[in-house]
Amino acid sequence: MLDRKIFSVFSETADLRPHTQQQLLQVYTTLATVVMSSMAGCFVAGRIPALGDHGLLALLGVVAGTVAVFVMRPSKENMHKRRMILWTVAWLIGSLMQPIVDGFFLQGDQDIVYMALGTSGTLFASFAAATMMTPRRRTIYLVGTAIAGLVSLSWISLLAYFYPTRMLHSMTMLVSLAASCLSVVIHTHGILELARAGADLDPVVHALTLFSDLAELFVRLLVLFSNDKRERERKAARSSSSSSSSSAKGRRYSGKGRSTAVPVGNSGASWSWNL
C-alpha cells in the first residue's frame, strides 16, 4: 500500500499501472540509498584525510564497480551483491568530490555547497515528477529539445574556445545546465517506457544512471554559483577601487581656487592668481 500512496498523484495524471509504480518505487528507493552513501563517503573522506588521498585508486574503483554493475546479470540471487557494489561506487564518488567541497568550505563559501545541493535535488525531483505526469507525446518533444540543446552546446563551446568571452562562457554554462536537466527527463522517460512495455526494471542500473544525472547537476550548479559569486566580488572590488581613486583625485585638487599674492616693485602693489 505504501507504493500506491506515494505514486497515487502520478497515477491520476499518467498511465502508471500498480506494477509500474512498484518498480519505480524500487528504483527511487535504491537511488536514495545511493545518494546517502555518496554523502557519507564525502563526509568520512573529509574527517579522515588518509581515506581521501588515494584519488587514482578511487577512480579505478569507480570504473571497475560501474563495469561490474552493468556486466552482472540481474537476478534475485545477486541483487544484494550488485547493490553493495553500487553503494561502494557511490561512496568512492563522494570521496572523489570531497576535495572540491572542502575547497569551498576552506574559503568560507559553504553556502554555495548547500545551495547547489538543495537546487540540484529540487531540479531533479521536479523534472522527474514532470516526466511521470506528462503524456508520451510531450516527452518526445522534450527529447527533441534536449538533442537540439546538446547540438547548440557543442557549437557554443567550439565558438568559446576560439573566441573566449564572458558572455559565451555564461551561455555555455546555462546551456549545459539545461542539457543536464533534460538528460534527467530522457532517462526517466526511458525507465517509464520500459516499465510500460512490461519489462522488468533493473533498480541498480537505473539508480546508477539517475545518480550520475544528479551528480552532474550538482557539479554544474557548484561551478555556476561560484562563477556568479566571483563576478559579484569582482564588480564590488572594481566599484570600490573607482570610488577610492575618485576620492584621491578630489584630495589632490582640493587646493585649487586659492589665490597667492606676489609683490611688484616698491609700491607695495601685488598681483594674485589662482593656483
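What share of the contacts in the chain with a separation of 6 or more comes from residues 24 or more positions apart? The share is 70%. A contact here means heavy atoms within 4.5 Å.

This is a predicted model, in which local features need pLDDT of at least 70 and side-chain atom pairs count only at pLDDT 80 or more, while totals for chains, interfaces and linings use all residues. Residues are numbered from 1 along each chain as its sequence is written, and side-chain values use heavy atoms, with hydrogens and water left out.

## The chain as a whole

The chain has nine helices and two strands. Both kinds of element are DSSP runs, numbered from the N terminus: helices are H or I with at least four residues, strands are E with at least two. Along the sequence, the pattern reads α-α-α-α-α-α-α-α-α-β-β.

Of the 275 residues in the chain, 34% are buried. Buried means under 20% relative accessible area, exposed means over 50%, and partly exposed lies in between (1.4 Å probe, protein chains only). The accessible surface of the chain is about 16,800 Å². Carbon and sulfur atoms hold 66% of that surface. Such areas come from the Shrake-Rupley method with a 1.4 Å probe, and for residues only the protein chains shown count as cover.

## How helices pack

Two packed helices are described by the angle between their axes and the distance between the axes. The axes are lines fitted to C-alpha atoms, for helices over the stretch in contact, and angles run from 0 to 180 degrees between N-to-C directions.

| Helix pair | Angle | Axis distance |
|---|---|---|
| H4 (residues 55-71) and H5 | about 150° | 9 Å |
| H5 and H6 (residues 110-133) | about 135° | 7 Å |
| H3 (residues 18-47) and H6 | about 170° | 14 Å |

Angles under 35 degrees count as roughly parallel, over 145 as roughly antiparallel, 65 to 115 as roughly perpendicular and the rest as oblique.

Take H4 and H5 to begin with. Their angle of about 150° makes H4 roughly antiparallel to H5. H4 passes H5 in a left-handed crossing. A crossing is left-handed if the near helix is turned anticlockwise from the far one by less than a right angle, and right-handed if clockwise. The H4 side of the contact includes Gly55, Ala58, Leu59 and Val69. The H5 side includes Arg82, Ile85, Leu86 and Leu96. By class, this contact has eleven nonpolar, five polar and one charged residues. Ala, Val, Leu, Ile, Met, Phe, Trp, Tyr, Cys and Pro count as nonpolar, Asp, Glu, Lys and Arg as charged, and the others, Gly among them, as polar.

H5 also packs with H6. These two helices are oblique to each other. Val101, Phe104 and Phe105 of H5 meet Gln110, Ile112, Val113 and Tyr114 of H6. Six of these residues are nonpolar, one is polar and none is charged.

H6 has a further partner, H3. H3 is roughly antiparallel to H6. Leu24, Tyr28, Leu31 and Met39 in H3 meet Leu117, Phe124, Ala128 and Met132 in H6. The contact has eight nonpolar residues, with no polar and no charged ones.

Gln98 lies in helix H5, residues 79-106. Gln98 is buried, at 12% relative accessible area. Setting aside residues up to four places away in sequence, Gln98 touches Cys42, Ala45 and Gly46.

Leu217 sits in helix H9, residues 203-252. Its relative accessible area is 0%, so Leu217 is buried. Beyond its neighbours within four places in sequence, Leu217 contacts Ser120, Leu123, Phe124, Leu177, Ser180, Cys181 and Val184. Leu217 and Ser180 are 37 residues apart in sequence, yet 6.1 Å apart in space, C-alpha to C-alpha.

Ser176 belongs to helix H8, residues 166-196. Ser176 counts as buried because its relative accessibility is 4%. Ser176 and Arg220 are 44 residues apart in sequence and 7.9 Å apart in space, C-alpha to C-alpha.
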